[in-house]
Structures are given as structure tokens and as C-alpha cells.
Amino acid sequence: MAHPRYPLRINVGFVVSQSIGYSREFHFEFADVYLQPDLDLYQFKGVAKVSRTPQGLLVQGHFQASTPTQCVRCLADIQQLLETQFSELYAFSSRTMSESGLILPEDGNLDLGPIVREYLLIEMPISPLCRPDCKGLCTICGVDLNTETCEHQSMGSAHIIIPGSD
Ligand SMILES: [Zn+2]
Ligand SMILES: [Zn+2]
């Protein structure tokens, strides 16, 4: 399946002409999706509620997806689940702009890709783990201690003998 270049672009022009308080939900679901310039996502699901306010359109998003990464302890390839909720105002003009400085494009085509990418990346753990109690790799022989045991683990840590280099 071809990937759309702007998978999270929605046309919200019609919301602008509605009365204050009107809102509309946009649902997204992709088995896999790519958010430029660097984010591969799987099982992507989300909803954006777009509401007309006096200052602009308020977007309340709730998105989740998983992204491929590596466990920092055992180096296994894992899918890290990311979930985020956010509210952002896309202002009608720079006079009503919020701190994040977002302005509604004149053509009413709103690409939520950059903002969803940013919020999902905030949720990315600095040290991803395959599971909270991952035992990691033996620092001496390198076996995966989640699936194997090795002689080095039965020794008291005070008695570990590191073999000479020759
Ligand atoms: Zn692990
Ligand atoms: Zn070992």
C-alpha cells in the first residue's frame, strides 16, 4: 500500500464557518504510517476533536502507536508503545496566537503530522525496556539472562574473577 505523504492532513475549513462551540471529531487508523522526517509507526490510532473558538480552532488530540526500537539491557528488537494527549490552538491570526505559535492555514488544510510526531516523541522513553524486569545480558559472556543462565551469575559479585586478556 502506498503511504500518503501527509497521512494526518484534515480539511477543517468548514469548521471555521460554524458557530463558536461547534466541534467535529476526526478519526485515524493505520496499520503502519510514516511521519516525516523520521518516525515509523505501527498500529496507529487516534482522534482529533476540532472545536471552533473565538480565537481559532482548538485541536484536542489523543493518539497512540508503537514504534520499533531496542531494549537497552538485552538489545532485543521491541515495539515501544507511545500514547499522548494534547490540546493546541490553531489561531486565525497572529493576534490570537497561543504560545506554540500555530496558525490555521488559509486553505483550511491542517496537517497534524508534525505536532503528533512531536508529542509522540516526548513519550519515547530514554531507556526503552522489553519488559520492566529485563535481566539484560551477562557483562562477561554476553548471554541473554532472560532466557539463559551462565556460570557468572551464580558467583557472588565480590568474587567475580575477570579472566586475563591473554
Ligand atoms: Zn530486554
Ligand atoms: Zn556469563
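In this predicted model, Q43 is partly exposed, with 15 other C-beta atoms within 10 Å. Q43 lies in strand β3, and its phi is near 45°, a positive value in a residue other than glycine.

**Backbone features in loops**

- A cis peptide bond runs from Q36 to P37, with omega near 5°.
- P37 belongs to the loop between β2 and β3.
- L75 also has a positive phi in a residue other than glycine, near 65°.
- The position of L75 is in the loop between β4 and β5.
- L75 counts as partly exposed, because it has 13 C-beta neighbours inside 10 Å, and a residue is exposed at 12 or fewer and buried at 20 or more.

**Helix α2**

- Helix α2 spans residues 113-122, and I115, V116 and L120 are buried in it.
- These residues lie on the same side of α2, because they cover an arc of only 130° around the axis.
- The packing partners of the buried α2 residues are β2 (23-35), β3 (39-52), β4 (56-70) and β5 (77-91).

**Nonpolar core**

- The largest nonpolar core comprises 21 residues.
- Within this core, L57, A65, Y90, L112 and V116 have the most contacts.
- Two or more residues of the core come from each of β2, β3, β4, β5 and α2.
- L112 touches L8, I10, A48 and G61, leaving aside residues up to four places away in sequence.
- V116 is both one of the buried residues of α2 and one of the core residues with the most contacts.

Conventions. Residues numbered from 1 in each chain as written. Chains lettered and ligands numbered in written order. Predicted model: local features only at pLDDT ≥ 70, side-chain atom pairs only at ≥ 80, totals over all residues. Helix = DSSP H or I, 4+ residues; strand = E, 2+ residues; numbered from the N terminus. Arc of directions from axis to C-beta. Contact = placed C-beta atoms within 7 Å. Core = buried A, V, L, I, M, F, W, Y, C linked by C-beta atoms within 7 Å.
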